[in-house]
Amino acid sequence: MYRSISDFIKEWNKEALLTQNVLDTLTDDALKQQVYGKGRTLGRIAWHVITNIPDYLTHFGLMMDRRENEESVPASAQEIAAAFKDISSHAARIIEQQWTDESLEQMQTAFGRQESNAEILMGLIKHIVHHRGQMTVLMRQAGIKPPGVYGPPKEDWIHLGVKNPPL
């Protein structure tokens, strides 16, 4: 659990970089890849991650502008990646400016249960991690090798001396 804003920011920046690497690997064509026929596209999931950050933070009392046209998924993977870079760094600044270490201990109702602001921030990171996992699966389906997140993709295991990586 985060005991200080700086601890959270360190974790946020690490996770944001991992997410940025995934988004930087997307292609315009891959944005159309769907989970299933009526499911979200890869572009919709990526855009949801971006637009959800200000929605989530404002819901819990932080003052931050929401994205304009949040329902309109850009057709450009580069635009999506750039938007995440902007919003993730802006969110870090907002949290640093508006909450203190003591703020992390304050309790709020979050999704029907009492949570500290530290738990709420951890929930935001977990939400992004969840969707990042979905994106890497859809990238595979779209024929794109995803970047390593918490470890290398199977194609890169050979560089670690593993000749037959697990499936």
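This section describes helix packing and salt bridges in a predicted model.

Two helix pairs are considered. Helix α1, spanning residues 5-25, packs against helix α3, spanning residues 77-98, at an angle of about 175° and with the axes 10 Å apart. Because angles over 145 degrees count as roughly antiparallel, α1 is assigned a roughly antiparallel orientation relative to α3. On the α1 side, the contact is formed by I5, F8, I9, W12, N13, A16, T19, Q20, L23 and D24, which meet I80, A81, F84, K85, S88, A91, A92, I95 and E96 of α3. By residue class, the contact of α1 with α3 comprises 12 nonpolar, four polar and three charged residues.

The second pair consists of helix α2 (residues 42-59) and helix α4 (residues 117-141), whose axes come within 9 Å and cross at roughly 175°. The helices α2 and α4 are therefore roughly antiparallel to each other. Helix α2 contributes L42, I45, A46, H48, V49, N52, I53, Y56 and L57 to this contact, while α4 contributes I120, L121, G123, L124, H127, I128, H131, Q134, M135, L138 and M139. The residues in the contact of α2 with α4 divide into 14 nonpolar and six polar, with no charged residue.

Within helix α2, N52 has a relative accessible area of 16% and is therefore classed as buried. When neighbours within four places in sequence are left aside, N52 is in contact with L124 and H127. Just after α4, G143 adopts a positive phi of about 85°.

Salt bridges were examined next. Side chains of opposite charge can pair when their charged atoms come close. Six salt bridges are found in a search of the whole structure. One of them joins the side chains of D29 and K32, with an N to O distance of 3.7 Å; D29 and K32 are both exposed. Another is formed by D55 and R66, whose closest N and O atoms are 2.6 Å apart. This pair links distant parts of the chain, with D55 in helix α2 and R66 in the loop between α2 and α3, 11 residues apart. D55 counts as buried because its relative accessibility is 17%.

A further salt bridge connects E155 with R140, the closest N and O atoms being 2.6 Å apart. Here E155 lies in the segment after α4 and R140 in helix α4, so that the pair links distant parts of the chain, 15 residues apart. E155 is partly exposed at 34% relative accessibility, and R140 is likewise partly exposed, with a relative accessible area of 34%.

Note on methods
Residues numbered from 1 in each chain as written. Predicted model: local features only at pLDDT ≥ 70, side-chain atom pairs only at ≥ 80, totals over all residues. Heavy atoms only, no water. Axes fitted to C-alpha atoms, helices over the stretch in contact; angles between N-to-C directions. Helix = DSSP H or I, 4+ residues; strand = E, 2+ residues; numbered from the N terminus. Parallel < 35°, antiparallel > 145°, perpendicular 65-115°, else oblique. Contact = heavy atoms within 4.5 Å. Nonpolar A, V, L, I, M, F, W, Y, C, P; charged D, E, K, R; others polar. Buried < 20%, exposed > 50% of the residue type's maximum accessible area, 1.4 Å probe, protein only. Salt bridge = Lys/Arg side-chain N within 4 Å of Asp/Glu carboxyl O.
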